[in-house]
Number of protein chains: 2
Amino acid sequence: MSLRHAVLGLLTWQPMTGYELANKFDVSLGNAWHASHSQIYPELGKLEDEGMIEVVARGARNSRTYGVTDAGSEELRRWLVDVEPNRQQRSESGVRSFLAPRLLKPKDSRLALERDLRDIRAQQEMLEEIQRRMDEDPGGSHPFAPAVDLGLRINPVIEGWIRDQLAELADTAD
Amino acid sequence: MSLRHAVLGLLTWQPMTGYELANKFDVSLGNAWHASHSQIYPELGKLEDEGMIEVVARGARNSRTYGVTDAGSEELRRWLVDVEPNRQQRSESGVRSFLAPRLLKPKDSRLALERDLRDIRAQQEMLEEIQRRMDEDPGGSHPFAPAVDLGLRINPVIEGWIRDQLAELADTAD
DNA sequence: GTTGACATGTAACAAGTTACATGATTGA
DNA sequence: TCAATCATGTAACTTGTTACATGTCAAC
């Protein structure tokens, strides 16, 4: 399980409400991890029960801002330093790109690959836009900007791969 | 859900038993997707009920070899061509590498990053070994060699990123 | 006053992991 | 005959998604 560590990580950077956390997962860590509020709130409850986090402020609209306790910091440190990382990179893009040229007729394959190329370009542009906005706001805190960076580095790899597949297809009759 | 499409893809390439499928997920697609036999057998049952696959041979040890039906091929084609791909690249490595230098003391951070570096080098060597074996056996069919290729391309990206973090740390006192 | 963002929650379901369980066949 | 591999299955549990549900507050 790693949701709890992602939550602890984000809260270590800055105390937040569950709502803010859910947004952070999208904008900061979205490229590497996603969680929706229906996962986050129960996890916050468990972490509080276990003494890993605590309410540091209560605000309008019954909001609770959580911060990490010493026990939580220690748990995060332990996970980062002591725990065998899970290196698996589940990638639907990967599966799709591998299957298409091998299993489909050239025409269908071209359709699938071109669509994947469009999608990955769109994602790339979105990431570049986010990066641009971060550059324009040097005062703002963007602790997980590297998640964007990771996306910006990996996407071209996959894009190149898809282009290679398309180039090979170009030599093939339909 | 994409397990069924990965299964259909592997079976399109070559009819197999559930057991062989479970192995293929590790060696062929493991870098992009993993599934264990306890997931695969029920999925095979469902796919058979839906007419996507069928038993094409029965062998020793009560084994059943499954092949893809026309309906299954069509479903795979539909998924590859028509369905909006899920581009999310969940990455625990990503999360770990982002968190370590930002949240830990330099000493702990160095420990965590060095461990991640070791692990990713080990994975890289494993992938290189697999690739070597595939090169030595040009007769064998390796339809998902690109999964290995994807790993071989993405790992250096993450490795470079971790090295950058370590280099920054080198300028910092503990 | 009503729309939209903020804020929290639960229920039902699907997907994925780990552990338990069993039996067949091969090769040493 | 014993260990390893082949081969299949289920149960219990955790994780993750989608949908449903409710209420607060600010701005227009």
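Leaving aside its neighbours within four places in sequence, which residues is B:Ser2 in contact with?

1. B:Ser2 is in contact with A:Glu92, B:Trp33 and B:Trp79, where contact stands for heavy atoms within 4.5 Å. The residue is found in the segment before α1 (3-13) of chain B, helices being DSSP runs of H or I with at least four residues, numbered from the N terminus. B:Ser2 is buried, with a relative accessible area of 3%; buried means under 20% relative accessible area, calculated with a 1.4 Å probe on protein chains only.

2. On the basis of the values: this is a predicted model, in which local features need pLDDT of at least 70 and side-chain atom pairs count only at pLDDT 80 or more, while totals for chains, interfaces and linings use all residues. Residues are numbered from 1 along each chain as its sequence is written, chains are lettered from A and ligands numbered from 1 in the order in which they are written, and side-chain values use heavy atoms, with hydrogens and water left out.

3. The contact between the two protein chains takes 58 residues from chain A and 58 residues from chain B. The area buried between them, that is, the accessible area (1.4 Å probe) that the two parts lose on being put together, summed over both, is about 6000 Å², and carbon and sulfur atoms give 61% of that area.

4. Between chain B and chain A the count is 3 salt bridges, each a side-chain nitrogen of Lys or Arg within 4 Å of a carboxyl oxygen of Asp or Glu. One of them joins the side chains of A:Arg77 and B:Asp108 at 3.2 Å, N to O. On the side of chain B that touches chain A, α1, α4 (70-82), α5 (92-103), α6 (106-136) and α7 (145-170) each supply at least two residues, and α7(B) gives the most, with 11 residues.

5. Around DNA strand D there are 19 residues, of which A:Ser38, A:Gln39, B:Tyr19, B:Arg64 and B:Arg90 come nearest; a residue is near the strand if one of its heavy atoms lies within 4 Å of it.

6. Individual distances to DNA strand D include 2.7 Å from a phosphate oxygen to an N or O atom in the side chain of A:Gln39, and 2.7 Å from a base oxygen to a polar side-chain atom of B:His37. The largest share of the surface near DNA strand D comes from α3(B), with 3 residues.

Methods:
Buried means under 20% relative accessible area, exposed over 50%, partly exposed in between (1.4 Å probe, protein chains only). A polar contact is a pair of N or O atoms within 3.5 Å; within protein, one must be able to donate a hydrogen and the other to accept it, and residues adjacent in sequence count only if both atoms are side-chain atoms.
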